[in-house]
Amino acid sequence: MTTPPSAATPTFHRDRSGQAHASSQPLATAGTLDVRIVDVKALQGDGNIITSQHKIPTLPIFENAFSAFARGTPLQTSAGFVAIEDLQPGDRVLTVDGSARQVAWIGSACFAPSDRSRRHVVTRLMADCFGINRPDSFLSLGPAARLLQTPPHLRAETGGKQRMTLASGFVDGVNIIEVTPPTPVRMFHLSLDRHTAVIAGGLEVETYHPGVDPMRPLSHTLQSVFLSLFPHLTDISAFGPMAYDRTDEEGDPTPV
């Protein structure tokens, strides 16, 4: 296993148009973005695991890569259920199609309810809320977690085709609730060699994929910062195609 030194990270700020930029010089407090420290583990082509720590701006495109699974979430692997924090790149996790695929990348960060940048809540799903053993016990998912589950109001128009939907979109106040943790929570995300869903506590939860043309709103410098979070990839296109359509935060279809 190799562990390179952390890369120098510039200060992040917004210009008058609202676009995010990076600068190597300190800037005035007004308009400066908050920064979050994240940890990354990635599987290299030679089988080594590279680990690194980064500072990222608290923009959704960055934070979504680190906030799907709360610490303690059990994922089904070829060796049985393993807590997300105990997984390592190279481990094989079971996917929705029944195959066991290698974990290529794991990212994690600590999120506090008092963060100014974004409201960080946990979606807590009670046992059997989507059917017997789905999940098999209560499950806590972060704000970026998407389930391979079509919302009821979209089922007719999708023709039975499943969509990736934010877990928070299913909150009903009874079996699926929002919880604001009283203390900081460590959250995780992971990606495989392709976009799919893994089995977390009996539910199918999306693996990380940045989406279609994710870096278009970013400055060139921030594009480089974003790509540096995935040291096992040479280009953002290496994530490959998306296997499923997504619904957006309001539950409307977002084609891939």
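Start at one pair of residues: Leu43 has Ile49, in strand 4, as its bridge partner. This is a predicted model, and residues are numbered from 1 along the chain.

That pair belongs to a hairpin. Strand 3 and strand 4 run antiparallel, and 9 bridges join them. Between the two strands lie 5 residues. One of the hairpin's residues, Gly47, takes a positive phi near 90°.

Now look along strand 4 itself. Of its 9 residues, 7 are buried, so strand 4 is largely enclosed by the rest of the structure. In a regular strand, side chains alternate between the two faces of the sheet.

Next, go to the nonpolar interior. In soluble globular proteins, nonpolar side chains tend to be buried together. The largest nonpolar core here has 28 residues. Which of them touch the most other members? They are Phe62, Phe66, Trp105, Leu218, Phe226, Leu229 and Phe230. Several elements supply at least two residues each to this core: strand 3 (35-43), strand 4 (49-57), strand 10 (105-111), strand 16 (185-191) and helix 3 (220-228).

Take Phe226 as a close-up. Setting aside residues up to four places away in sequence, Phe226 touches Ile61, Phe62, Tyr208, Pro210, Met215, Leu218 and Ile236. There is also a second, separate core, with 24 residues. Its members include Ile106, Ala145, Ile176 and Leu192.

Move on to His195. This residue sits in the loop between strand 16 and strand 17 (197-200). Is His195 buried or exposed? Its relative accessibility is 2%, so His195 counts as buried, the limit being under 20%.

What does the side chain of His195 meet? A polar contact of 2.6 Å joins it to the side chain of Glu206. A polar atom of the His195 side chain also lies 2.8 Å from the backbone nitrogen of Ala243. Beyond its neighbours within four places in sequence, His195 is in contact with Met164, Glu206, Thr207, His209, Pro241, Met242, Ala243 and Tyr244.

Finish with the cysteines. A disulfide is a covalent bond between the sulfur atoms of two cysteines. How many disulfides does the structure hold? The count is 0. Cys110 has 36% relative accessibility, so Cys110 counts as partly exposed. Cys129 is partly exposed as well, with a relative accessible area of 21%.

Technical notes:
Predicted model: local features only at pLDDT ≥ 70, side-chain atom pairs only at ≥ 80, totals over all residues. Heavy atoms only, no water. Core = buried A, V, L, I, M, F, W, Y, C linked by side-chain atoms within 4.5 Å. Buried < 20%, exposed > 50% of the residue type's maximum accessible area, 1.4 Å probe, protein only. Helix = DSSP H or I, 4+ residues; strand = E, 2+ residues; numbered from the N terminus. Contact = heavy atoms within 4.5 Å. Disulfide = S-S within 2.5 Å. Pairing = 2+ DSSP bridges. Polar contact = N/O pair within 3.5 Å; in protein donor to acceptor, adjacent residues only side chain to side chain.
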